[in-house]
Amino acid sequence: MMSSFFLYSSSWFDFNRINVFIILGAFFIFVIYFIREAKAGKSLFVRRIAGLDAIEEAVGRATEMGKPILYISGIEDMDNLQTVASMIILGNVAEMVARYEVPLLVPICRPFVVPVAEEAVKQGYSKAGRPDAYNKNNVRYISDEQFAYTAGVNGIMLRDRPAANFMFGSFFAESLIMAETGFSTGAIQVAGTANIHQLPFFVVACDYTIIGEELFATSAYLSKEPKLLGSLKGSDLAKFLIMVSLIIGALLETFGITKFTSWFSVQ
Amino acid sequence: MGTHDIIFNGIAAFLTISIYTFLYKDNPFYKFAEHLVVGVSAGYFTVILYFNGFVPKLIEPLKQEKFYYILPAILGLMIWTRFSRKWSWISRFSLAFYIGSGAGIAIPLYIQNFVIRQLSATMLPVGVSTWPLITNILIIIGVFCALTYFYFSKEHTGAFGASAKFGIWTLMVGFGAGFGLTVMGRVSLLAERVVFLRDYLSELFKYLS
C-alpha cells in the first residue's frame with residue numbers, strides 16, 4: 001500500500017508580493033538618502049504649513065488670556081503612526097508653552113502613551129530652559145474606553161475652560177463631540193488627523209485643520225529633526241513617482257496596454 | 001417589564017438624560033455620569049485586560065511550558081520602572097521595542113493597501129466616448145491634484161498652486177459627502193436613545209399604574 005503525506009511549512013518570502021517589496025525598498029532608499037542629506041547639513045526645502053501659524057496664534061491667545069492649553073493626542077496607542085507624530089508635535093507645543101508659563105493639560109486615552117507624553121512634555125520644558133515649570137500631574141490618563149475618555153475630556157473643557165485646544169492624532173466618533181464642546185467654550189481649536197472620515201468634523205468645528213499627511217509634515221517642520229525631514233523629502237519623491245506612474249498607467253490603459261497596471265496589482 | 005428591568009433600565013435612562021444635560025451646561029448630574037463612566041470603564045478594562053490579555057497570552061502559555069513568553073513579560077515589567085526616577089531609563093527599551101515593532105508591522109501593510117492598491121485602481125482608461133471614461137478623467141485629475149496639494153517640496157504657486165487648489169476642493173467635496181453620511185448615522189443613534197427613553201417611560205407608567 002502506498003501512502004503519502006504532505007509537509008506544510010510557511011515560506012520566508014512571498015514572491016507573489018515582489019512588487020510590494022520593490023516599492024517598499026525604493027521608498028526606504030529614498031528616505032535613507034534624504035536623511036543622510038539632512039544629517040550632512042544640506043538645506044532641505046519644506047514649504048511652510050499654514051496650520052503652524054494657527055498653533056502659534058493659539059498659544060499666544062492662551063497666554064494673553066492666562067488660561068490653560070489642552071492637548072489631545074487621539075485615542076490610539078503608540079503603535080499608531082499618528083500618535084507618534086502627535087507626540088513630536090506635543091514636544092514642540094510644550095516648548096512654546098513653557099516659555100509663556102501657561103499650563104498645558106494633556107489627557108491621555110491609552111496607558112502606554114502616558115510615559116511617552118510625559119517624556120515629550122518634560123523635554124519640551126527642558127529645551128525651553130524651564131524644567132522646573134513641568135507639572136507631571138497635567139499629563140493624565142483618563143480611560144481606555146472611547147466615550148468615557150470623551151466624557152472626561154469634555155469635563156476638562158467645561159471646567160478648566162482652556163483658551164486653546166489642540167487635537168492631533170487618530171480620532172474616531174468622538175472627534176465631533178470634543179470639537180463641538182471646545183467650540184462651545186470659545187476656545188481656539190487646531191486639529192489634525194489622517195483619519196479621513198473624521199476630517200469633515202474637524203473642518204466644520206475647528207478654526208484650523210491640518211489634513212492627513214500635513215500632520216506628519218508639521219511634526220517634521222517643527223522639530224527640524226534630520227530623520228523627520230529626510231522622511232518627508234523621501235515620501236515627497238515617492239509621491240512624485242506615484243503621480244508620474246498614475247499618468248503613464250492611465251495613458252497605457254487608454255491604449256489597451258495593461259501590463260504596466262497589472263504589475264501594481266496585489267494578491 | 002419586571003421590577004428588575006424597571007430598576008436597571010431606569011438607571012440607564014437616568015444616566016442617558018444626565019449625559020444629555022451637558023447640552024445645556026456643566027452640572028452635577030453630568031459630572032456624576034462622567035465620573036461614573038470613567039471609573040467603571042477603568043475597572044472594566046482592568047478585568048478585560050486580565051482575562052483577555054494576561055491569562056491567554058502569559059499564564060496559559062507558561063502552563064504549557066512555553067517559557068519564551070517570559071521575554072515579553074519582562075519587557076512589560078520593565079515599563080513599570082517609569083515610576084522610579086533612578087531606573088526609569090530601563091522603560092525606554094520596552095517603549096522602543098513596542099513602537100518599532102508596531103511601525104514595522106504597519107508600514108508594509110499601509111504601503112500595500114493605501115498606496116499600491118489605490119494606485120492600481122486609479123490607473124483607469126480615459127476618453128470621451130462613454131460616460132464611465134469621462135468620469136475616469138475626473139477621478140484621475142482629482143487624485144493627481146490632491147497629491148499635488150500634499151507635495152511639500154515646492155511652494156504652491158503658479159500652475160502647481162492651481163493644481164493644489166483644485167486638489168483641496170476635491171478633498172472638501174469628499175469631506176462634505178462624508179460629513180452628511182456620518183451625521184445621518186449619528187441622528188439614527190439619537191433616534192435609538194429617544195425610542196429607548198420613550199419605551200422605558202411607557203413601561204414605567206404601566207408598572208406604576
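Axes here are lines fitted to C-alpha atoms, for helices over the stretch in contact, and angles run from 0 to 180 degrees between N-to-C directions. The model is predicted, with local features requiring pLDDT of at least 70 and side-chain atom pairs counted only at pLDDT 80 or more, whereas totals for chains, interfaces and linings use all residues. Residues are numbered from 1 along each chain as its sequence is written, and chains are lettered from A in the order in which they are written.

**View 1. Packing of helix H5 of chain A on helix H2 of chain B.** Contact, defined by C-beta atoms, placed from the backbone, within 7 Å, involves Ala148(A), Ala151(A), Gly152(A) and Gly155(A) on H5(A), and Lys31(B), Glu34(B), Val37(B), Val38(B) and Ser41(B) on H2(B).

**View 2. The side of chain A that touches chain B.** Here 52 residues of chain A are in contact with 47 residues of chain B. H9(A) gives the largest share of the chain A side, 12 residues.

**View 3. Surroundings of Ile69(A).** Leaving aside residues up to four places away in sequence, Ile69(A) touches Val59(A), Ala62(A), Val97(A), Val102(A), Leu104(A), Pro162(A), Ala163(A) and Ala164(A).

Conventions. Helix = DSSP H or I, 4+ residues; strand = E, 2+ residues; numbered from the N terminus. Contact = placed C-beta atoms within 7 Å.
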